[in-house]
Amino acid sequence: MTTLTLDDLTKKYAAGVTAVSDLTLTVNEGELMALLGPSGSGKTTTLRLIAGLLRPTRGDVRFDGQSILAVPPEKRGAVMVFQTNALFPFMSVGENVAYGLKIRKLDRAEIKERVAAALTAVHLPDYENRWPDQLSGGQRQRVALARALVIRPRLLLLDEPLSNLDRGLREELRQMIRDLVQETGITTLFVTHDQAEAVTIADRIGVLMNGRLRQVGRPRDFYERPADAQIARFFGGRNFLSGIKQGHIVQTSIGRVEIPASPAPDGPVLLTVRPEAIEIGTNGHNNFLARVQMYNGRLPISRCQVSINGVPIHLTPPPFHNLNTDETIVVHFPRERICVLPPDETEETYEVSKTS
Ligand code: ADP
Ligand code: MG
């Protein structure tokens, strides 16, 4: 069981690109942490720095508190699995999985036992004598995982391992990876650009954007307490209202909005409320007249857009609700479901009165 610590980890490529900036993060022993970010955000670079395939420009990588920068990649015990994994075509599945143990010179009986256990763990117990070209894409990825697991690594580094698979298979393998991490206790960093994947697989998520770690938390924190508008949008947030906060009231273009107690200072703020948090009907506070612009109730998750004082707002009322275009309804924003974010620089700016 290994705790991974990244300390101010920074990587500048020769081309002058800073791919990873001052990344500080701890992945606890046995934890499955997702590193989530759009393409080019520095995810692969981070994994390569941990595996020892790249040297950091600055900062440290520690396993159980010990710096491993001086340790060569093959001695670190960190193993990477990629989006597509080349298996040796001239070796059987069993030989492919055994390869890492043969070069470590383990004895035959132990190799046999560990290969069988690894293939069983990835649900391919009878595949030892198959050839790589007889496998589907999903089975190849499972063999790649078995090949990684068989050496009993301290760290499992997965670089978008499911991105090339179709949807059903992806869901099945996510569950399998979760089970594997739980059973083996191997500390795992799972890289993905897909927020739904990160949410379903991970104990915690770190969001990386432009090489910087922007927020770390449990999956639900990114819905309930996103750090800023960009992260809220990345997790499907669609309703944003800029306004001026004074105590527990924010003046916005749809009117006065009551907010929960917030450490945000008075002044310009951005409010967000998730579509699924908005209710139809009157309820105590934060009731607004809304004109229905669009409603599609024939989906398991229905979609509706209304206009409140000209501002488009998205909600997800129950399916097969009776709502007609241009109808006027009342919607309710429960106070405790409103998130107070820093003002969004990319939207309206405010005149802040200066005292000279
Ligand atoms: P991700 O895996 O999140 O897509 P990468 O870590 O591959 O991101 O890349 C991060 C940034 O570093 C990108 O801007 C990419 O173009 C750049 N980059 C990656 N590898 C190199 C390299 N060998 N030389 C120069 N720039 C690189
Ligand atoms: Mg990548």
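Modeller: Here is a walk through the ligand site and the helix beside the site's residues in the list.

This is a predicted model, in which local features need pLDDT of at least 70 and side-chain atom pairs count only at pLDDT 80 or more, while totals for chains, interfaces and linings use all residues. Residues are numbered from 1 along each chain as its sequence is written, chains are lettered from A and ligands numbered from 1 in the order in which they are written, and side-chain values use heavy atoms, leaving out hydrogens and water.

Let's start with the shell around ligand 1 (residues with a heavy atom within 4 Å of it). Among its members are Tyr13, Val17, Pro38, Ser41, Lys43 and Thr45. The shell divides into four nonpolar, six polar and one charged residue; here Ala, Val, Leu, Ile, Met, Phe, Trp, Tyr, Cys and Pro count as nonpolar, Asp, Glu, Lys and Arg as charged, and the others, Gly among them, as polar.

Now for the polar contacts (pairs of N or O atoms within 3.5 Å). Ser41 uses a backbone N or O atom, 3.1 Å from an oxygen atom of ligand 1. Side chains take part too: a polar atom of Lys43 lies 2.8 Å from a ligand oxygen, and an N or O atom of Thr45 lies 2.5 Å from one. Taken alone, ligand 1 exposes 560 Å², and the protein buries 60% of that (Shrake-Rupley areas, 1.4 Å probe).

Helix α1 (a DSSP run of H or I, at least four residues) gives the most to this shell, with three residues. Seven of the nine residues of α1 (residues 43-51) are buried, so the helix is largely enclosed by the rest of the structure; buried means under 20% relative accessible area, with a 1.4 Å probe and protein chains only. Lys43 and Thr45 are among those buried residues.

Key
Buried means under 20% relative accessible area, exposed over 50%, partly exposed in between (1.4 Å probe, protein chains only). Helices (H or I, at least four residues) and strands (E, at least two) are DSSP runs, numbered from the N terminus. A polar contact is a pair of N or O atoms within 3.5 Å; within protein, one must be able to donate a hydrogen and the other to accept it, and residues adjacent in sequence count only if both atoms are side-chain atoms.
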